[in-house]
Structures are given as C-alpha cells and as structure tokens.
Amino acid sequence: MAIPVNYEERVYAGVLGKIIGVYLGRPFEGWSYQALTQRFGEVNYYVHEELGQPLIVTDDDITGTFTFIRALQDYGCDPNLPARAIGQTWLNYIIENKSILWWGGMGNSTEHTAFYRLKSGIEAPASGSIALNGKTVAEQIGAQIFIDGWGMVCPGDPERAAELARKAASVSHDGEAIYGAQVVAAMEALAFMDPSLDRLLDCASGLIPADCVIRRVIDDVRQWHAQDGDWHRTFERIAGTYGYDKFGGNCHMVPNHAVVLLGLLYGGDSFQRALMVTNTAGWDTDCNSANVGCLMGIRLGLEGIDAGPDWRGPVADRLYLPQADGGRTISDAAREAVGIAAMGRAMAGEEPAIPKGGARFHFSFPGSVQGFQVEDSAECRGTAALENHTGPRLGGARALAITFSGVTKGRSCRVATATFIPPEALQMGGYSLTASPTLYPGQRISARVLTCGSNTREVSVGLYLRCYGEGDKLTIVRG
C-alpha cells in the first residue's frame, strides 16, 4: 500500500499524542473513577503541578514503545520479522533492574517474568506464553502499552500491523493481551488512511478471534455507547462487567482496553475530550491515555491536537528513553517520528525522508521545537519567545524562530535544549534515568542563523555550551 503524502507529519502527531497522554495520566496512575471525579471533576488538562509532580518524566509506556520498535531497524526492516528478534532486542537494550520495565519480580511483573525467560535462553514467543507464565500474568496490560510503534510503521496496512503486534506482544504476553494489542496497532495503521472510528473498529475487531473476550468488550462498549449517550453511565457498565474485580493481577488488559474504547467513542473528533474521558475514568491512566492520544493524533493530525488547549507548549517535544544506548536517552518527538517513519518507508521499499541532510535539530514539523526552551533566569524571563517558523527566506523549510521583546543593551537571553540529564530530572522519582551525553569531544556543532527586524545590527548571536562542572553545578563554558 502506498505511503501517505503527509506520513512523517502524521507519525509526529501520533508520537506527540502518545507522550501527551502519558504526561497527562501519569500523576494519578492507578486512581479510581471515584477518587478522580471527587478531586478534579473532569481531567481536562495537565494536573502535575497541583499534585506536586514534574511534567516530563521517565515512563515505561514511552521508553518501551520507542525502544522495542528498534528491532525493525536492527534487523533490516524485515516485514517478516520473527518474534525471537524482538525478544533479542529486549535483551540488547534493557538495563536489568534499571530501565524500561517494572521490576516487580518473577510471577508478579509480567515484563520482569518475560525478561527472566529471555535471559535464561527461552526465546519469544515462549517467553511470554500462558503455558510458562500462567494466564493471569500473561494477560496484563503491557502488551498494549508498548505497541503504538508497530501501528505507525504500517500506514494503511492494518493486517501487517496486527501481525507485527502479535509477534511483539508475544515476547511478554499471551491470550487476550495479544488481541488487545493487535486491535490498537491495526486501528492506528488504518487511521493514516481512514479517520472513521467505526470503520477502524470494524476492521480491527475482524482481525482477532470472534469468540475472544476482547472482541466481546468491543461489541459491548460500542453498543452501550449507542444506547447511553453518557460516558459516565457507560463506564458504570464497564466497571460492572469487565472491572478489576473480575480480571485479576496488577493491571489486566481487559478492563483497560474497555476504557481505551470508552475514550475513543465518547471523544469523537475531539483530542481533548477523548483524553478527558479516558483519564477521568481512572485505572491505568497513563497507559490508556497514551494509546488514545497516539491514535487520536494519527486520526486528527496536528490540527486536532492544537484545536483545544495548549498541550504542546509545556511539553516542547521532550521525552526520555533510558536504555542501554545512552546517547538516545535525551530525545524528542520529532527525532522519534523521523526514525519510525524511516522504518515504515523501508518496509514499503521506499527511501527515508531525512530532514536537512540528517541534522539532529531540524524543526521540520509545524510547531516542533525539539526541546528548545528559553532559559528561566532573571535576564531571560519575559524577554523571548520561541515558535516554529517558515517563510520565503527559508525556501519552504522550517526553523526555530526566537523573538525578542524588551531586551535592552547589554542584556542577554539564552535558548537551549538538553543534551544530557537536565537538573530538574536528577531527583526525579519512578523509573531510572540513565544517559550518556550526546555532545562529546571531537564533534563539530554548526547552526545557520538568519536575523530580521529593524534592530538586527544591535543584536549579536552565538552558540554556547553548558556542562556539569565542579560540584556537579551547571557552568557555561563557551558563549
């Protein structure tokens, strides 16, 4: 099937939707519907500050998704990639007891159990099988939370997406967990070509067994949505029929897959409403919100994400991928989108689209800033703003525009992006953040700078570096 014309930008929207969903749902992960509605009413925007938590965090949903998909790249973008190769990718990139997985122990954490199997020489798909690990462990939610990349590398090909999702999910999961993963990946793949949620559900549900529980969940939630017209009422039905009391373990696939469907169906064509419903319903909020955000990003594009409140500004494309390849830990949505799209094109027999000759920071997508922010200091505060810009002088390309206001002679303003662990992440709780600097001796850094406006002769511009010096204090070494 032909790659869509705006493929890279739609992948970027999917990646953004994924990380926005994680950052929105992570602060209250595991909360109940009752606790969330009592505290917030409805969750319509980020609440991390209200709960005293950082916005940009390490998270298994993000790291696993954008790390395990590298199996395609590492094995020649083979569309017939075997499950054992994806299992080997786990062993290649996971840092044991530190990165990506919840290290909750054998028979407790599904992914930790699978890692033990892989490490002992048991290859996928046996590593995640019900036969070895038991039905409850094998059917937890992890198969779904890591799956979005496999949908995004198969634009317009839901059958291939479902097959790759089956293989990827089988590294650690089995049974209903695999079916849920296949549904999400298939919907995301088809969403590049068809925005109709009904057609996406029809197609995806036809790719899993007609008598499985996930298929019954899809049929029930669609019927309840048509009958109720009220997401609160439909969630009551979900909790009564497919709740945690009926599907055991730490975080079962079935209840949370039902909430993903709830958010999609009641969200309609609104990115914000889909995330609101998904998060206010509770349970595994960061996982469910991430899947919904990714699919809605692909369906609606950047325009759909930007139609509501400013989801993108506080995020600034930033994400962390702590794994064995430390130079990729400090990343951003544009970088990951270009890599995923390159794998998708390779599977389709096409050459990758490489922005600006492979420049690390290219700003090629509308609104992308790739982690750049105005330094929060007394001199800089309130004097500069950033935006993604294009125009005749750029020949149709895009660039990062830095707009100054109220800057007086002798004052300076700095704009930067992290290339190593930033100070605010040093004390971050949750999943470990391990990284290697992406700047090192021997590299050459270059930038093209264009100035405009009436006072450009009074402004000097230069590159600067900041590094951890004595006492691990950040110090400007040049600039």
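Predicted model: local features only at pLDDT ≥ 70, side-chain atom pairs only at ≥ 80, totals over all residues.
Local features need pLDDT of at least 70, side-chain atom pairs count only at pLDDT 80 or more, and totals for chains, interfaces and linings use all residues. Residues are numbered from 1 along each chain as its sequence is written, and side-chain values use heavy atoms, with hydrogens and water left out.

Start with charge. Side chains of opposite charge can pair when their charged atoms come close. The model holds 24 salt bridges, each a side-chain nitrogen of Lys or Arg within 4 Å of a carboxyl oxygen of Asp or Glu.

One of them joins R26 to E29, with the closest N and O atoms 3.9 Å apart. R26 is buried at 16% relative accessibility, while E29 is partly exposed at 39%. Buried means under 20% relative accessible area, exposed over 50%, and partly exposed in between (1.4 Å probe, protein chains only).

K135 pairs with E139 at 3.0 Å between the closest N and O atoms. Here K135 is partly exposed at 49%, and E139 is buried at 4%. R237 meets D228 at 2.9 Å, N to O. R237 is partly exposed, at 22%. E8, R345 and E350 are linked in a network of salt bridges.

Now the nonpolar surface. I402, F404, V449, V459 and V461 form a patch with about 420 Å² of accessible area together. Areas come from the Shrake-Rupley method with a 1.4 Å probe; for residues, only the protein chains shown count as cover. Patch residues have over 30% relative accessible area and no salt bridge; like charges are joined within 9 Å, nonpolar side chains (Val, Leu, Ile, Met, Phe, Trp, Tyr) within 5 Å. V449 is partly exposed at 49%.
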